[in-house]
Structure formats: C-alpha cells, structure tokens
Amino acid sequence: QVQLVESGGGLVQAGESLNLSCEVSGSTFSINNMGWYRQAPGKQRELAALISSGGNTRYADSVKGRFTVSRDNAKKLVYLQMNSLKPEDTAVYYCYAEIRLRPWSSTSPYWGQGTQVTVSS
C-alpha cells in the first residue's frame, strides 16, 4: 500500500526557516509530479510548490523566491525548503504525488496526512 509520510513541520518565528520532507513508501511504477499544497484555517487548499519528474518547478506567487522544492527520484522523496517565513505561511502542509502503481495502470493523486507549520510574528 502506498503512503506519503511527511516530516519537518513545527513552530518558528517570522524570518526563520523550515525544511519539510516527504517519502513515498510502498511499491510504485512511476511518480510524475510531486509537491506541496497548503491549507490555512478557513481557507481552501492551495498549491505551494510542484516539481515534475524532470525537475521543472512551479510555485505559488506568494512563495516565489522564498520556497524551494526539490526531489530525489531514486529515494522517492520530495522536499520543501522554506526561508524567510511569514505569519501568513501558517497552514497545514500536505505532500502530494501523482503515482502510477503498475505499467498498465493510470496515474492517480496521493496525499500525505499533513504537517502543521506555524509562523509567529
């Protein structure tokens, strides 16, 4: 059974940094896009950062220049380095991956359980 296991959330002060990581466990054939979404209290879940299997990245405008997404394809890991954190970055961060389990199967979205990031002012 495939699972996405996140780590690295916590409480920091504004201006500080955090690094999130997420590992895809279980047997997979291929992983396309991987990345991070976030959901602040009372708001919809939104894309924070995404990285393709080839390394192309996409960021929300609000995090450009401060967040960096990267991945290790061999280890099925995706990271999110968050610098210069702001109180408005406070949210639950969800790991996301588009996974094909077998060569003949379709690609499906998978989500982690979420990790809390809290930035105090």
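Biologist: Is Arg38 buried or exposed, and at what relative accessibility?
Modeller: Heads-up, this is a predicted model: local features need pLDDT of at least 70, side-chain atom pairs count only at pLDDT 80 or more, and totals for chains, interfaces and linings use all residues. Residues are numbered from 1 along each chain as its sequence is written, and side-chain values use heavy atoms, with hydrogens and water left out. The labels go by relative accessible area: buried is under 20%, exposed is over 50% and partly exposed is in between (1.4 Å probe, protein chains only). On that scale Arg38 counts as buried, at a relative accessibility of 5%.

Biologist: Which residue forms a salt bridge with Arg38?
Modeller: A salt bridge here is a side-chain nitrogen of Lys or Arg within 4 Å of a carboxyl oxygen of Asp or Glu. For Arg38, the closest N and O atoms of the bridge are 2.9 Å apart.

Biologist: Which residues do salt bridges with shared partners join into one network?
Modeller: A search of the whole structure finds four salt bridges. One of them is Lys64 with Asp61 (3.1 Å, N to O), and both of those residues are exposed. The network formed through shared partners joins Arg38, Glu46, Arg66 and Asp89.

Biologist: On to the rings: how many aromatic pairs are there?
Modeller: Rings of Phe, Tyr and Trp (its six-membered ring) pair if their centres lie within 6.5 Å; planes under 30 degrees apart are stacked, over 60 edge-to-face, the rest tilted. By this rule the count is three.

Biologist: How far apart in sequence are the parts tied together by Tyr37 and Tyr96?
Modeller: The two rings make an edge-to-face pair, 5.3 Å centre to centre with 65 degrees between the planes. Tyr37 sits in strand β4 (residues 30-39) and Tyr96 in strand β9 (residues 91-100), so the separation is 59 residues.

Biologist: Which strand holds Trp111, the other ring that pairs with Tyr37?
Modeller: Tyr37 is buried at 19%, whereas Trp111 is partly exposed at 36%. Their ring centres are 5.1 Å apart and their planes at 70 degrees, so this pair is edge-to-face. Tyr37 lies in β4 and the pair spans 74 residues in sequence, with Trp111 in strand β10 (residues 107-111).

Biologist: How far is the charged end of Arg45 from the ring centre of Trp111?
Modeller: A charge sits over a ring if NZ of Lys or CZ of Arg is within 6 Å of the ring centre and within 35 degrees of the ring normal. Arg45 lies over the face of Tyr94 at 3.7 Å. Over Trp111, the distance is 4.7 Å.

Biologist: Last one: what is the strand order in the open sheet of four strands?
Modeller: Two strands pair if DSSP finds at least two bridges between them. The edge strands, β1 (3-7) and β7 (67-72), each pair on one side only. Five bridges join β1 to β3 (residues 18-25). With antiparallel pairing, the order is β1-β3-β8-β7.

Definitions and conventions:
Helices (H or I, at least four residues) and strands (E, at least two) are DSSP runs, numbered from the N terminus.
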